[in-house]
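Biologist: Could we take a close look at one part of this protein together? I am new to reading structures, so please go step by step.

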Amino acid sequence: IKTKDILHSKLLLHLLLTAVPAFILSIVMSVVLQLGFIDTMFVLIVPEVFVLFTGLAGLLINLWKPKFDWVNEVVCVKQSFSTSMTMLGSMGILGIIVGGFILLNKYLSAYMIVSIFMVLFIVVDVFMYHTLMHWGVKRFEDL
């Protein structure tokens with residue numbers, strides 16, 4: 001099995017477990033709240049971009065600081081450095097986004113602010129995916 005296939009499968013499992021429910025919730029929310037087309041697109045796309053960000057960040061952190069001294073799967077999955085850093089980092093980034101929204105709300109529309117953050121996350125996602133497919137593959141093979 002190619003290393004890229006292993007990393008892709010790990011990322012796709014994360015997306016299956018998180019992006020699919022987020023997408024379903026976004027559809028339900030859009031229908032219940034009777035959102036317009038543009039609002040619905042934001043509600044559908046923004047969570048998916050962030051879910052991809054957390055998946056890529058988790059994989060990269062796990063490759064950077066792997067944990068091989070676990071005795072059962074619970075320790076590996078729930079108590080590793082990469083899991084803790086990904087969760088805490090995601091919460092911190094969401095706090096920064098909320099703070100940025102509060103500060104920028106006086107000067108820019110909500111659509112513009114969300115668009116700026118979405119584009120930033122897309123750029124970071126592309127960079128992290130590129131890093132995963134180059135440095136990550138080499139690191140995985142070295143482990």
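Predicted model: local features only at pLDDT ≥ 70, side-chain atom pairs only at ≥ 80, totals over all residues.

Which residues of α4 are buried?

Modeller: The buried residues of α4 are Ser82, Thr86, Ser90, Ile97 and Gly100. An α-helix has 3.6 residues a turn, so residues three or four places apart point the same way. What covers the buried residues of α4 includes α2, which runs over 37–64, and α5.

Let us start with the helix itself. Helix α4 takes in residues 81–104. With 1.5 Å for each residue, its 24 residues should span 34 Å, and the C-alpha atoms at its ends lie 33 Å apart, which agrees.

Threonine 86 counts as buried because its relative accessibility is 14%, and the cut-off for buried is under 20%. Setting aside residues up to four places away in sequence, threonine 86 touches Thr54, Ala57, Gly58 and Ile61.

Next, follow α4 to its contact with α5. Ile93, Ile97, Gly100, Phe101 and Leu104 in α4 meet Ala110, Ile113, Phe117 and Phe121 in α5. The residues of this contact divide into 8 nonpolar, 1 polar and no charged. Two packed helices are described by the angle between their axes and the distance between the axes. For α4 and α5, the angle is about 145° and the axes are 10 Å apart. The crossing of α4 past α5 is right-handed.

Helix α5, residues 110–142, also packs with helix α1, residues 3–32, at an angle of about 120°, with their axes 9 Å apart. That angle makes α1 oblique to α5. Here too the crossing, of α1 past α5, is right-handed. On the α1 side, the contact involves Thr3, Lys4, Ile6, Leu7, His8 and Leu11. Their partners in α5 are Tyr129, Leu132, Met133, Gly136, Val137, Phe140 and Glu141. The residues of the contact of α1 with α5 divide into 8 nonpolar, 3 polar and 2 charged.

Finally, a stop in α2, the other helix named in the cover of α4. Valine 43 has its place in α2. Valine 43 is buried, with a relative accessible area of 16%. Apart from neighbours within four places in sequence, valine 43 is in contact with Ser26, Met29, Ser30 and Leu35. Valine 43 and serine 30 are 13 residues apart in sequence, and their C-alpha atoms are 7.3 Å apart in space.

Terms used: Residues numbered from 1 in each chain as written. Heavy atoms only, no water. Axes fitted to C-alpha atoms, helices over the stretch in contact; angles between N-to-C directions. Helix = DSSP H or I, 4+ residues; strand = E, 2+ residues; numbered from the N terminus. Parallel < 35°, antiparallel > 145°, perpendicular 65-115°, else oblique. Left-handed = near helix turned anticlockwise from the far one by under 90°. Contact = heavy atoms within 4.5 Å. Nonpolar A, V, L, I, M, F, W, Y, C, P; charged D, E, K, R; others polar. Buried < 20%, exposed > 50% of the residue type's maximum accessible area, 1.4 Å probe, protein only. Expected span 1.5 Å × (residues − 1).
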